[in-house]
Amino acid sequence: LEQGGGDTDSKRLSDIVQALIAYFSLDPNRALDVILDCFEARMSDAGPETRLIGVLTMFDRTSLVQVLGFKLKYYHTSRSKTPASLLRMCARLMRCGLVKKEELYVHVGGSDEEEGKSMDQHMKATLSAVKEFRIFNLSKLEEGADKQEAPFCARPHASTGDDNQRLALLAAVLEDGNWEVS
């Protein structure tokens with residue numbers, strides 16, 4: 001699966017994967033997970049990507065959504081940043097019609113309430129920083145301080161370090177050029 005090149009079409013590759021699953025009594029969901037990992041690693045190559053999309057069509061849609069959801073939930077619950085390649089893969093699968101946004105959105109980390117609270121906290125911190133920025137300390141100016149550091153650094157809410165999977169998935173969908181889904 002991971003090998004580049006070759007003249008194996010998606011039908012032949014699907015047959016090989018089915019034979020391996022049957023011969024070694026592999027768990028189909030684990031095989032799907034490995035295929036998704038290969039797809040994620042090979043997204044920049046056009047040939048292997050189309051062959052792997054053909055292989056993914058042989059799996060049940062609900063299984064595909066559940067495995068993707070498990071991957072997304074893992075990164076959300078472990079508080080580690082969701083890899084951009086995983087989100088790009090989800091966007092590509094949505095564009096190919098293998099996954100619907102409604103099916104995947106259920107598994108995307110965070111709730112609307114959490115995002116709202118996070119945004120409110122960010123706005124309060126930004127407003128307080130702006131208010132502090134307006135206050136000048138005249139005694140420091142009289143002492144001859146050459147450099148005065150600005151206490152305010154403008155950062156958008158998405159760059160605060162929080163793993164906002166909803167915004168990151170939207171960005172991946174837009175980057176993939178899927179305007180209908182976004």
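Reader: How many salt bridges does the structure hold?

Author: There are 7 salt bridges in the structure. Keep in mind that this is a predicted model.

Reader: Start with Asp15. Which residue does it form a salt bridge with?

Author: Asp15 pairs with Lys11, and the closest N and O atoms are 3.3 Å apart.

Reader: And where do Asp15 and Lys11 lie?

Author: Both sit in helix α1, which covers residues 10-23. They are 4 residues apart, about one turn of the helix.

Reader: Is Asp15 buried, exposed or partly exposed, and what about Lys11?

Author: Asp15 has 33% relative accessibility, so it counts as partly exposed. Lys11 counts as exposed because its relative accessibility is 55%.

Reader: OK, Arg30 next. What does it form a salt bridge with?

Author: Its partner is Asp33, with the closest N and O atoms 2.6 Å apart. Arg30 and Asp33 are 3 residues apart in helix α2, so about one helical turn separates them.

Reader: How accessible are those two, Arg30 and Asp33?

Author: Arg30 is at 47% relative accessibility and counts as partly exposed. Asp33 has a relative accessible area of 18%, and because the cut-off for buried is under 20%, Asp33 is buried.

Reader: Now Arg92. Where is its place, and which Asp does its side chain meet in a salt bridge?

Author: Arg92 is in helix α5. Its side chain meets that of Asp176 in a salt bridge, 2.9 Å from N to O. Asp176 belongs to the segment after α9 (165-175), so the pair ties together parts that are 84 residues apart in sequence.

Reader: Are Arg92 and Asp176 buried or exposed?

Author: Both are buried. For Arg92 the relative accessibility is 15%, which is why it counts as buried.

Reader: What does Arg92 touch, leaving out residues up to four places away in sequence?

Author: Arg92 touches Phe39, Met43, Glu49 and Asp176.

Reader: Which residues make the contact?

Author: On the α2 side, Leu36, Phe39 and Glu40. On the α5 side, Ser85, Leu86, Met89, Arg92 and Leu93.

Reader: How do the residues of that contact divide?

Author: They come to 5 nonpolar, 1 polar and 2 charged.

Reader: Step back a bit. What does the secondary structure come to?

Author: The protein has 9 helices and 0 strands. Along the sequence the pattern reads α-α-α-α-α-α-α-α-α.

Reader: What share of the residues in the protein is buried?

Author: Of the 182 residues, 34% are buried. The accessible surface comes to about 11900 Å², and 55% of that surface belongs to carbon and sulfur atoms.

Reader: And the contacts between residues at least 6 apart in sequence, what share join residues at least 24 apart?

Author: That share is 74%.

Reader: Loops now. Where does Ser25 lie, and what is its phi near?

Author: Ser25 lies in the loop between α1 and α2. Its phi is near 50 degrees, a positive value in a residue other than glycine.

Reader: Is Ser25 buried or exposed?

Author: Ser25 is exposed, with a relative accessible area of 64%.

Reader: One more serine. Where is Ser111 found?

Author: Ser111 is in the loop between α6 (101-105) and α7 (112-134). Its relative accessibility is 22%, so Ser111 counts as partly exposed.

Reader: How are the C-alpha atoms of Ser111 and Arg166 separated?

Author: They are separated by 9.2 Å, while the two residues are 55 apart along the chain.

Reader: Quick recap on the Arg92 pair for my notes. Which parts does it tie together?

Author: The Arg92 and Asp176 pair ties helix α5 to the segment after α9. Both residues are buried.

Definitions and conventions. Residues numbered from 1 in each chain as written. Predicted model: local features only at pLDDT ≥ 70, side-chain atom pairs only at ≥ 80, totals over all residues. Heavy atoms only, no water. Contact = heavy atoms within 4.5 Å. Helix = DSSP H or I, 4+ residues; strand = E, 2+ residues; numbered from the N terminus. Nonpolar A, V, L, I, M, F, W, Y, C, P; charged D, E, K, R; others polar. Buried < 20%, exposed > 50% of the residue type's maximum accessible area, 1.4 Å probe, protein only. Areas by Shrake-Rupley, 256 points an atom, 1.4 Å probe, with all protein chains shown as cover. Salt bridge = Lys/Arg side-chain N within 4 Å of Asp/Glu carboxyl O.
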